[in-house]
Amino acid sequence: MAQKEKGQKLMKKRNNSLGMKFLIGILFVSGVVLVSYSTICNIYNNLVNSRAQTRYAKTVERNSEEKNNKIWNSAVSYNHEHTNNVIVDAFEGKHNQANTANYAYDEVLNPDGTGMMGYIEIPSINVRLSVYHGISEKTLEQGVGHLTGTSLPVGGKGTHCVLAAHRGLPSARLFTDLDELKKGYHFYLHVLDRTLAYKVDSVEVVLPEKMNDRLAIVSDVDIVTLVTCTPYGVNTHRLLVRGHRVPMDNHKEINPLIKYIKYGSLLGLIAAMWVVLYVHKRKNKQNNSNFSHNSVADRRSVAEHSNICDGKGE
């Protein structure tokens, strides 16, 4: 009877221990997911952008050289007809845009019919994002918007293209690290089958109403300005990162997902090592338990044998 009660207590203790371990495991996993939420969302957004860029590149590749040149030349002609930028604040919340109804804006530089003009690459902050027509809420939640009323991103003297994106979104980093760009850094625009290189020559913070002069077209200069909100989380001002066109260098295109693949592989390796160590520890514990049990059984057997021998001797 005492042995039975002892077994029940042992079983209850073991169940309580397993329950506690399970609870700790749930809390740990929940904590990891909570902390990693932003990173996971950003990885997903990078995947969405990567798929869009792959689709865009395949469309451009399927097009004939003549068709791509026609799309490009149409964008160049559009810029020639618009020699003054019309500036609106992309982040005031109303998503107002310059009136382009008479200029077929949405049809220009739209090779795959999705509104994607191309994509921007900023190696120094590990960014490669799709660039779309306009600054709609949907566009600014997942990529970069071209500020309607400014030059299209095909370069050329006397053009000033303005590209805008959010920073600090929980679902995507986008231009969160744009403030890390310094004078002399490069960024690249991939449009149709061409790549345009720009060198940062100005980084400044201004009030929204002070942007017009900074974003105006300058004759004989090819400029692209990247715009986002600042300070981080307050968003009362605008960060303007301006670059001027430079000759293309031996740039090798980046893949933002590589960083996460490396981190994931490292975490996977650590997890695998932890599992191996845990299994090894459990196995050693079980072997020690079996050894102890066998030793007790052997001692009992020896004792019983000794008692039998003593009985026979009497």
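Trainee: Why does F187 count as buried?

Mentor: This is a predicted model, so the values are computed from it. The cut-off for buried is under 20% relative accessible area. F187 has 0% relative accessibility, so F187 counts as buried.

Trainee: How do you know that Y198 is buried?

Mentor: By the cut-off of under 20%. The relative accessible area of Y198 is 1%, so Y198 is buried.

Trainee: What makes the pair of F187 and Y198 stacked?

Mentor: Two values decide that. Ring centres must lie within 6.5 Å, and planes under 30 degrees apart count as stacked. Here the centres are 5.7 Å apart and the planes stand at 10°, so the pair is stacked. F187 lies in strand β7 and Y198 in strand β8, so the pair ties together parts 11 residues apart in sequence. In the strand pairing, F187 stands opposite Y198.

Trainee: Why is the pair of Y78 and Y105 called tilted?

Mentor: Planes under 30 degrees apart count as stacked, over 60 as edge-to-face, and the rest as tilted. Y78 and Y105 have 50° between their planes and 6.3 Å from centre to centre, so the label is tilted. Both Y78 and Y105 are buried. A search of the whole structure finds two aromatic pairs.

Trainee: What makes β7 and β8 a strand pair?

Mentor: At least two bridges are needed. β7 and β8 have six, in the antiparallel sense. Strand β1 also pairs with β7 in the antiparallel sense, over three bridges, and E121 stands opposite Y188 in β7.

Trainee: Why is strand β7 said to be largely enclosed by the rest of the structure?

Mentor: Five of its six residues are buried, so β7 is largely enclosed.

Trainee: How do you know that S151 is buried?

Mentor: Its relative accessible area is 2%, against a cut-off of under 20%, so S151 is buried. S151 is placed in the loop between β3 and β4.

Trainee: Which backbone nitrogen lies 2.9 Å from a polar atom of the S151 side chain?

Mentor: That of H160. The limit for a polar contact is 3.5 Å, so the distance of 2.9 Å falls within it.

Trainee: What makes R194 a charge over the ring of W72?

Mentor: R194 lies over the face of W72, at 4.2 Å from the ring centre. The distance limit is 6 Å, so R194 falls within it.

Technical notes:
Residues numbered from 1 in each chain as written. Predicted model: local features only at pLDDT ≥ 70, side-chain atom pairs only at ≥ 80, totals over all residues. Heavy atoms only, no water. Buried < 20%, exposed > 50% of the residue type's maximum accessible area, 1.4 Å probe, protein only. Helix = DSSP H or I, 4+ residues; strand = E, 2+ residues; numbered from the N terminus. Polar contact = N/O pair within 3.5 Å; in protein donor to acceptor, adjacent residues only side chain to side chain. Phe/Tyr/Trp six-rings, centres within 6.5 Å; stacked < 30°, edge-to-face > 60°. Lys NZ or Arg CZ within 6 Å of the ring centre and 35° of its normal.
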